[in-house]
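Here is a short report on cavities and salt bridges. Please look over the model before reading on.

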Amino acid sequence: MALDAVFRDQWGRVLATLVGILGDIELAEDAAAEAFAIAAERWPRDGEPANPTGWLITTARNRAIDHLRRQQVLADKTKLLARDLEAGPRPPEALMDDATIPDERLELIFTCCHPALALETQVALTLRTLGGLSTDEIALAFLVPFETMSKRLTRAKHKIRHAGIPFAVPPDHQLPDRLAAVLAVVYLIFNQGWGGGRVDLAAEAIHLGRALADLMPDEAEVLALLALMLLHDARKAARLRDGQVVPLDDQDRTLWDTRQIDEGRALLQRAMARGRTGPYLVQAAIADLHLQEPRDWRQIAALYGMLARQTGSPIVEMNRAIAVAEIDGPVAGLAILDRLDLDHYRYFHSTRAELLRRAGRDGEAQHAYRRALDLAQTEPEQRFLAGRLAETTPSVRREPRGTST
């Protein structure tokens, strides 16, 4: 395969293996980057090796040993790494078999998502180490200067090193809480990409989700999260038209990725077969119901009720209100919304505006649309809301559509 494909698929595994060997994320990153640079020079000339991953790990390992020797630091690590290299470093052509290469991505993602690190740092570090995004790309995705993101990542790596944060999967009694944190980080990355549209973070989150599902194939919530992301992402090509957000009811279903939907549904079935109903499984089931025509709003409302009990989230209650409005009318939905404290959340105001408009309360709907427009973060969302706001004027009013996008 081409080097860029190897980088995309194997960066996380190469880096995780090196961190497991070296115990230092920064040194492992430098060595991995150098190995990929050497590959970019040699492979077009000499051909791709039989085992690209083994070649990259061996090359990076040898470069790290050379670096440690030159620096004359961490002598104990140098001895440990070089104990079988008295005759000189192994050439990269002495490939490790795939079966002999430890896959330590799971340890690395739990390290990146350690509770001692701030959430924004967990997200950035996960994208850098497991996703292989550059510091420039991560800074662009989160709208911060390069220098700010660079310092944030450097501080995180130093904290891992100096605070003794273990490079390991947590013990069994800690695993459920820590796994929930890992899944939350991956889903946060997906949502940033789903709503942002800058660097394709949604694709990066799916890539991370696939890695987790490969590493933890019996964890229902891991499978369900990947299913959830795939079912949402399958509609990507239909979500925008002429630079404006298209609601679900107005989307061209021929643009949906049916193979991705099928894959998401198969993963959902695998998750359900595990017999544990966690929040990601419920959300994936709801996402699947939204793709069906006609939609079963009563079942959707019931699942949102279950999810609200699991999470205590007011955003979940907001989504339940949408389903209730489809069953019992906009006033019933508004009765739920009016109990929620979500003034900071742009989708709360756009949802409330839609229900107010359906209830014939145009003046209040205009106020809610303006508030949503103030909070909107992307141009497609702003165009959509501006259009909805204009439609509340009687001379241009049209029949309302659904709010889901």
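The text below takes the salt bridges, then the cavities.

This is a predicted model, where local features need pLDDT of at least 70, side-chain atom pairs count only at pLDDT 80 or more, and totals for chains, interfaces and linings use all residues. Residues are numbered from 1 along each chain as its sequence is written, and side-chain values use heavy atoms, with hydrogens and water left out.

**Salt bridges**

A salt bridge puts a side-chain nitrogen of Lys or Arg within 4 Å of a carboxyl oxygen of Asp or Glu. The count comes to 25. Among them are these:

| Pair | N to O distance |
|---|---|
| Arg161 and Glu26 | 2.6 Å |
| Glu293 and Arg253 | 3.1 Å |
| Glu354 and Arg357 | 3.6 Å |

Arg161 sits in helix α8 (residues 146-162) and Glu26 in helix α2 (residues 25-46), so their bridge ties together parts 135 residues apart in sequence. Helices are DSSP runs of H or I with at least four residues, strands are E runs of at least two, and both are numbered from the N terminus.

Glu354 and Arg357 lie 3 residues apart in helix α17 (residues 346-358), so about one helical turn separates them. Both are buried. Buried means under 20% relative accessible area, exposed over 50%, partly exposed in between (1.4 Å probe, protein chains only). Shared partners join Glu354, Arg357, Arg388 and Glu391 into one network.

Glu293 is exposed at 59%. Arg253 is partly exposed at 34%.

**Cavities**

The lining of the largest cavity has 3 nonpolar, 2 polar and 3 charged residues. Ala, Val, Leu, Ile, Met, Phe, Trp, Tyr, Cys and Pro count as nonpolar, Asp, Glu, Lys and Arg as charged, and the others, Gly among them, as polar. A cavity is a set of points on a 1 Å grid over the protein atoms alone where a 1.4 Å probe fits but cannot get out; lining residues have an atom within 4 Å of a point.
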